[in-house]
Protein chains: 2
Amino acid sequence: MLNGPQALPPQLDAADQALVDGVRARQLRPLAKTITLIESQRTDHQARAHAVLEALLPHTGGAMRVGISGVPGVGKSTFIEALGLYLIEQGLRVAVLAVDPSSSLTGGSILGDKTRMELLSQNPAAFIRPSPSAGSLGGVAEKTRETMLVCEAAGFDVIIVETVGVGQSETAVANMTDIFCLLQLPNAGDDLQGIKKGIMELADLVVVNKADIDVAATTRAQAQLKTALHMLRPASPNWSPPVLTLSALRKQGIADFWRTVCDYRATMSKSGEFDAKRRHQALAWMWDLIDAGLRARFRSHPQVRSELPELAEAVERGETTPSAAALRLLHHLN
Amino acid sequence: MLNGPQALPPQLDAADQALVDGVRARQLRPLAKTITLIESQRTDHQARAHAVLEALLPHTGGAMRVGISGVPGVGKSTFIEALGLYLIEQGLRVAVLAVDPSSSLTGGSILGDKTRMELLSQNPAAFIRPSPSAGSLGGVAEKTRETMLVCEAAGFDVIIVETVGVGQSETAVANMTDIFCLLQLPNAGDDLQGIKKGIMELADLVVVNKADIDVAATTRAQAQLKTALHMLRPASPNWSPPVLTLSALRKQGIADFWRTVCDYRATMSKSGEFDAKRRHQALAWMWDLIDAGLRARFRSHPQVRSELPELAEAVERGETTPSAAALRLLHHLN
């Protein structure tokens, strides 16, 4: 029988209760320590992290979750800093997180967040946390998602989740945020081919940055992006993703950007899609984790481990059917 | 230990050996009976179907596998009939299959295949098989994929797999064919919004049908589709999906279409991508089946069945985290 809806009932010792209280009191050290606990691979740390998260859960959900993606060089850091400072001027508190499974490999721009966003990182109303260190995308994204919840419990009003778009990280970010924004450069034409498959369709909002450099190119890029978006059936019948132009460097267009994000939230909330999307995201996340767990168990089964390589090769060579191989492997679980 | 690469060693009785021999001898009755065996839900039939398939496998892989998708009204039947008759004129044998999980629900156009393609269905060099009856998309697609293999063993040179694009069926068809062709109508502009998310990216080739009706609209649609495709990063560095225009009704452009398909095959074969794609498809298919099997086992576990609904609701309401719920449910498998 279930003993309440909690999956693992929080069992907080004094130290962890202090973390919970500290996060709720908006103190930065307990916040950082809680995130470190979440990011730890140690089993005992993970159990503690779950308990702390469960205790914080009733206080989550209050932030606007904004996903930002774009290739290196598009000006993400400059944009996020300008946006963050603008939001702080409006009296809001801002957290900046990142999903970048390769950060420790590339030596990565993300690791240098605090250098990149110097003014923002020094502002007491801002909290910047680099991506969890390299691992599977699923693991990195899961930790970022849980960090987002902790930041919400710490009273941040806006959570910006950034990705440089390695692998499937855009999908992971779109699946944990309320609005997914794609930054583009104003070099229209052939360069737009650089948009990764499927990314345009994730976008709730497209931004052409560096609009100050070449007005004509910006206008062309905007028109082309509008055409491309126009071809796609929008995710919501109530929202056609707009294409904005701005210059993060000159801080032009930032207010317009935020007004559009607020319009989106208002429109989606009115139709009920805002809450529905969050519910759907949480459930989909649970199933992703279940699928990953089932596959890990499957792969660790001794007979599966010994037979899988040979069977996979036989399937690739067309010597056995995918279904016969799948059945044989699944049979070992009986 | 593995006893050869076969997952389930073929154990053919005389009747099933007759099916194998009949299929190999290109006889239509054994072909149809084998497909019926594959489509059967009975456990004993499924075991026999697997054995027959394994025996036929060494003789598969020889056909060009062509996926065709497009909304109702785009003229798929007319196009497939025109294409099929053209190919038969060139001395080729053609099989037409379908993936349509909803066919028995809609009463469906697919069920009426033989009426729709009257000339083709009467031609001895053609074989038309409607979609397996309704079920999960995965099940329907799996049976169509195995039917495709049987048709290859029966010496068909071209297998056309059609879908009306219900749910995710386009992805399923793209994942079992060598080239995925998207049919479009020449009404440019707003109507292009009707293209489902993600479909454009699956297309190796886009065709504007009914080009005879309105030349100007056809030209506009072609230009718009080219722009849209241009925005997407192509799946292969060696192939940019072209946009053809034709009139299936007037049998104009059919030869051009087939020449393009042959160009595609030649280009992909030269780069090694043709075989690599087939190997990848087979392996991905195996993993899809494994994942589906693991999920089915998971869902049927007594404690998972009793707790899943309540936990899923708690996740949706934000009362527990996706990871805590997933861990708790997975724990029951220990």
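Through which surface do the copies meet, judged by the interface residues of chain A that are also interface residues in chain B? In this predicted model, local features need pLDDT of at least 70 and side-chain atom pairs count only at pLDDT 80 or more, whereas totals for chains, interfaces and linings use all residues. Residues are numbered from 1 along each chain as its sequence is written, chains are lettered from A and ligands numbered from 1 in the order in which they are written, and side-chain values use heavy atoms, with hydrogens and water left out.

The copies meet through the same surface, because 97% of the interface residues of chain A are also interface residues in chain B, contact being taken as heavy atoms within 4.5 Å. Chain A contributes 75 residues to this contact and chain B contributes 73 residues. About 6,800 Å² is buried between chain A and chain B, with 63% of it on carbon and sulfur atoms; buried area is the accessible area (1.4 Å probe) that two parts lose on being put together, summed over both.

Between chain A and chain B the count is two salt bridges, a salt bridge being a side-chain nitrogen of Lys or Arg within 4 Å of a carboxyl oxygen of Asp or Glu. The side chains of Arg295(B) and Asp291(A) meet in a salt bridge, with an N to O distance of 2.8 Å. On the side of chain A that touches chain B, at least two residues are supplied by each of α3 (43–56), α8 (137–153), α11 (215–231), α13 (273–300), α14 (302–316) and α15 (322–331) of chain A; helices (H or I, at least four residues) and strands (E, at least two) are DSSP runs, numbered from the N terminus. The largest share of that side, 15 residues, comes from α13(A).

Over all chains, the count by this rule comes to 24 salt bridges. Arg328(A) forms a salt bridge with Glu307(A), in which the closest N and O atoms are 3.0 Å apart. Since Arg328(A) lies in helix α15 of chain A and Glu307(A) in helix α14 of chain A, the pair ties together parts that are 21 residues apart in sequence.

Within chain A, seven strands form an open sheet in the order β3-β2-β4-β1-β5-β6-β7, with parallel pairing; two strands pair if DSSP finds at least two bridges between them. At the edges stand β3 (126–128) and β7 (243–245) of chain A, each with a single partner strand, so one side of each is left without a neighbour in the sheet. Strand β2 (residues 94–98) of chain A runs parallel to β3(A) and is joined to β3(A) by three bridges, and Ala95(A) stands opposite Phe127(A) in β3(A).

In chain B, strand β1 (residues 64–69) and strand β4 (residues 158–163) pair in the parallel sense over six bridges, and the bridge partner of Ile68(B) in β4(B) is Glu162(B). Helix α4 (residues 76–89) of chain B lies across β1, β2 (94–98), β3, β4 and β5 (179–184) of chain B and runs at about 180° to β4(B), where axes are lines fitted to C-alpha atoms, for helices over the stretch in contact, and angles run from 0 to 180 degrees between N-to-C directions. Helix α12 (residues 254–271) of chain B also packs on the sheet, touching β1, β4, β5, β6 (205–208) and β7 of chain B, and its direction makes about 125° with that of β1(B).
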